[in-house]
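Welcome, and thanks for taking a look at this one with us. Please keep the sequence and the 3D view open side by side as you read.

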Amino acid sequence: MPSIYLLDYGAGNVRSLLNAVKRVGFDVTFITSNDDFAKADKLLFPGVGAFGAAMDRLRSTGFVDGLLKYIASGKPFMGICVGLQALCEGSEEDPDVPGLGVIPGVISKFFDNTKAVPHMGWNSATAMQGNVSGAVPAQINHDADEESTRYYFVHSYALKYGSGALADWAYSLTKYGDEVFISAIRKNNVFATQFHPEKSGFAGLKVLKTFLSGETTSIAPLPKQLSPGVLAQSIKDRFTRRIIACLDVRANDQGDLVVTKGDQYDVREKEGSGDVRNLGKPVELARRYFEEGADEVTFLNITSFRDIPVRDTPMLQVLQRTSETVFVPLTIGGGIRDIQEPSGNIVSALHVAGEYFRSGADKVSIGSDAVYAAEEYLARKKAHDDAVASGIPHSEAPAILTGKTAIEQIARVYGNQAVVISVDPRRVYVRSASDAPTHTVFRAPIPGPNGEEFCWYQCTVKGGREGRDLDVRKLVTACEAMGAGEILLNCMDRDGTNSGYELTLVQDVKDSVRIPVIASSGAGRVEHFKEVFDACGVEAALAAGIFHRREVPIEKVKLYLKENGMSVRGGWEGNL
C-alpha cells in the first residue's frame, strides 16, 4: 500500500478528508517536517477559505520549498479547493499575496450580478482530457458522464478558462451561470479539484479512491483550444437545487442529546410529561439523511446560547462521529460568539468556530450574535453617513466595518462561504405602513388576530424568545456587507405548521442579497419545495420534522422536482 501523506496547514475541516480517505481503505500520515515529503508516495493538499489567509498559513509552516520539490519530483499530488488555487500565480482575492506559481493563471471572482456568489452547491464537471493509453480509469465521472454525476462546490473565486497555456492543464470544466471555469486540473503528476471530493458523496469518494489506488499516466490534452465564447455555449450549467435536512439538537430533561422539533419553536410535548420531544439520536439520523440523498445536513444546537460551545463535548462528539459516515457538507449552529468563561477568560468567536471546523463542520451558522452585530453595523453606518453629509471626507469618517465581529473574523480566516446567518423572524402586524415607519412593511400573507392586513418581519434572538427593533431586510444586507456567505431564513409563524414557506419573506430576502439563500420553516408537501424554488429562486430549501418522521421522504422531494424539470442531485445511492 502506498504511503499517503497530507499537508495540514490549518486550512479548514481536515477531519472530513481523513475520514473519507479511511472510508476508501487508506491510512494517512501528516507532514510534520520537510523530511516527510521524501517519504510520501502520494500527497494530499487540501484547503478552504480565503486565498491570502491560506497562503500565509502555508508559508508560516516553512513547508513551501518541500512542497514545490515534491511536485517537481514527479510523484502523485492532489490538491483540493484552495489547494488547487494555491498552485496558481495569485488571486484577485488577495492581489498582494503570491501563489505557488505551478499553474500559469490567476484566480478571479465570479460575477455576482447574474447569480448568487459564492457558487455553493452541486454541479457537474465536464471532462476535457482523456488517458492516452486508456489503461488507467478516468479521475472523475466514474458511474456515468457529467449528465448525471454531481460534485460539491463552495467558492467565490475560480480559475476561469481561457485559451493558451491553461488548455494543457484543464482536465474538466464547469459552468456556473454564464461563466466557465476549470473544475479539475491534471498535468503529469499533478491533479487537483476545485470541488470537494470528501463532501461529494459516493461520487467524490470514488475520485479519492481512484487517485489513491491508481497510477499516474500520460494524458491527452484538449484536441484544440476552445475560446471562452465557444465554451460558454458548449458547456452546460448543471447547478442543482439543494435539499437540506435540519436537526434541532438539545439536551432533554435527562441530559441526553436528542433531535427535537417544535411548533413555532416550542419543543415540549403538549400532553403527558411535557418533556422535550425526542425524534431520535443526532448521529444516526444524520447518517440516515445522507443515505436518503440529503445534499447537506445542518445541526442547530438550539440551547447553546445558554452554554459555552467549546466546552460542549457531547456536541463536538456528535460532529466528529457524524463526519465518519456522512460525506456531504455539515453545518453547525449555536453559540458562535465571543464568550466570557466563568474564570474571566475570553474565548473568541473565531476560536469557537475553529473548534467546530476541527470537529468536522464545514460551515457555521450564526444567529443571535448576527443580530447584535447588524445593529452595531447600522449604528456605525449612520454615524459614517452623517459625518459624510456634514462635509467630512469618507476616509476620515467613522469606520463602518471594524473587523471584530464574529462574521468578519470567521470570513477573513475561513472564507465567507463558511459563514451562514440563521434568521429567526416573526410577523409583527400593523394596520398600515405608517405604523412602522422605520421598517419594511408587507401585505401580510395571513391576516393578523385583529384583522390587520400588513406586517413587518421582526428579528429575534435567544431562540426566538426576545424580539429586536430590527427588520429582516436590514439584518441580511448588513450581514452580507460584513462578509456572510449564505442566509438560512426561518419563520417562526410557519415553524411546524406544514403550510408552506413564507414566500413574501423569502422573496424579499432573495431580492435584497447576492449571496445564496436557504428557505426554511413550513414545508409539509413536495409541492412546497417546488413552489419556493419557482416563486423565489432560492438556492436551497430546508426541512426538519417531515424528514424526521418520514412524512415526506427526501427521495420523494427530489423525484418530484426532477419530474417538474428542476435539476437535482441523484445517484446518492451507491458503493465503492
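## A cis proline and the ground rules

P118 sits in the loop that links β6 (103-109) to β7 (119-123). The peptide bond between V117 and P118 is cis, with omega at about 20°. Helices (H or I, at least four residues) and strands (E, at least two) are DSSP runs, numbered from the N terminus.

This is a predicted model, in which local features need pLDDT of at least 70 and side-chain atom pairs count only at pLDDT 80 or more, while totals for chains, interfaces and linings use all residues. Residues are numbered from 1 along each chain as its sequence is written, and side-chain values use heavy atoms, with hydrogens and water left out.

## The open sheet

Let us turn to a sheet. Its 8 strands form an open arrangement in the order β2-β1-β3-β4-β14-β13-β12-β8, and the pairing is mixed. β2 (29-30) and β8 (126-127) are the edge strands, each with a single partner strand, so one side of each has no neighbour in the sheet. Two strands pair if DSSP finds at least two bridges between them.

Within this sheet, strand β3 (residues 42-45) and strand β4 (residues 77-80) are joined by 3 bridges in the parallel sense, and L44 stands opposite M78 in β4. Helix α5 (residues 201-213) packs on the sheet, where it touches β1 (4-6), β3, β4 and β14 (190-193), and its direction makes about 145° with that of β3. Contact means heavy atoms within 4.5 Å.

Which way do the side chains of strand β28 (residues 486-489) point? E486 and L488 point one way, I487 and L489 the other way, and all are buried. Here buried means under 20% relative accessible area, exposed means over 50%, and partly exposed lies in between (1.4 Å probe, protein chains only).

Strand β23 (residues 419-423) pairs with β28 in the parallel sense over 4 bridges, with S422 opposite L488. β28 is also joined to strand β29 (residues 517-519) by 3 bridges, again in parallel, and there I487 stands opposite V517.

## Two helix pairs

Two packed helices are described by the angle between their axes and the distance between the axes. Axes are lines fitted to C-alpha atoms, for helices over the stretch in contact, and angles run from 0 to 180 degrees between N-to-C directions. Angles under 35 degrees count as roughly parallel, over 145 as roughly antiparallel, 65 to 115 as roughly perpendicular and the rest as oblique.

Helix α10 (residues 368-389) and helix α12 (residues 472-482) cross at roughly 85°, and their axes come within 9 Å. The two are therefore roughly perpendicular to each other. A370, V371, A373, A374, Y377 and L378 of α10 make the contact with K474, L475, A478, C479, A481 and M482 of α12. By class, this contact has 11 nonpolar, no polar and 1 charged residues. For these classes, Ala, Val, Leu, Ile, Met, Phe, Trp, Tyr, Cys and Pro count as nonpolar, Asp, Glu, Lys and Arg as charged, and the others, Gly among them, as polar.

Helix α13 (residues 503-512) packs against helix α14 (residues 526-536) at an angle of about 40°, with axes 10 Å apart. That makes α13 oblique to α14. In α13, L503, V506, Q507 and K510 meet E531, V532, A535 and C536 in α14. The contact of α13 with α14 has 5 nonpolar, 1 polar and 2 charged residues.

## Buried and exposed spots

T298 lies in strand β18 (residues 296-301) and counts as buried, at 4% relative accessibility. Leaving aside residues up to four places away in sequence, T298 touches I244, A245, C246, L247, T331 and L542. K281, in the loop between β17 (257-260) and α7 (282-292), is exposed, with a relative accessible area of 57%.

In helix α9 (residues 349-358), the buried residues include A349, V352, A353, G354, Y356 and F357.

## Positive phi angles

Just after α9, G360 takes a positive phi of about 125°. Which residues other than glycine have a positive phi? S521 has a phi near 85°, and R550 has one near 60°. S521 is in the loop between β29 and α14 and counts as buried at 8% relative accessibility, while R550 is in the loop between α15 (545-548) and α16 (554-563).
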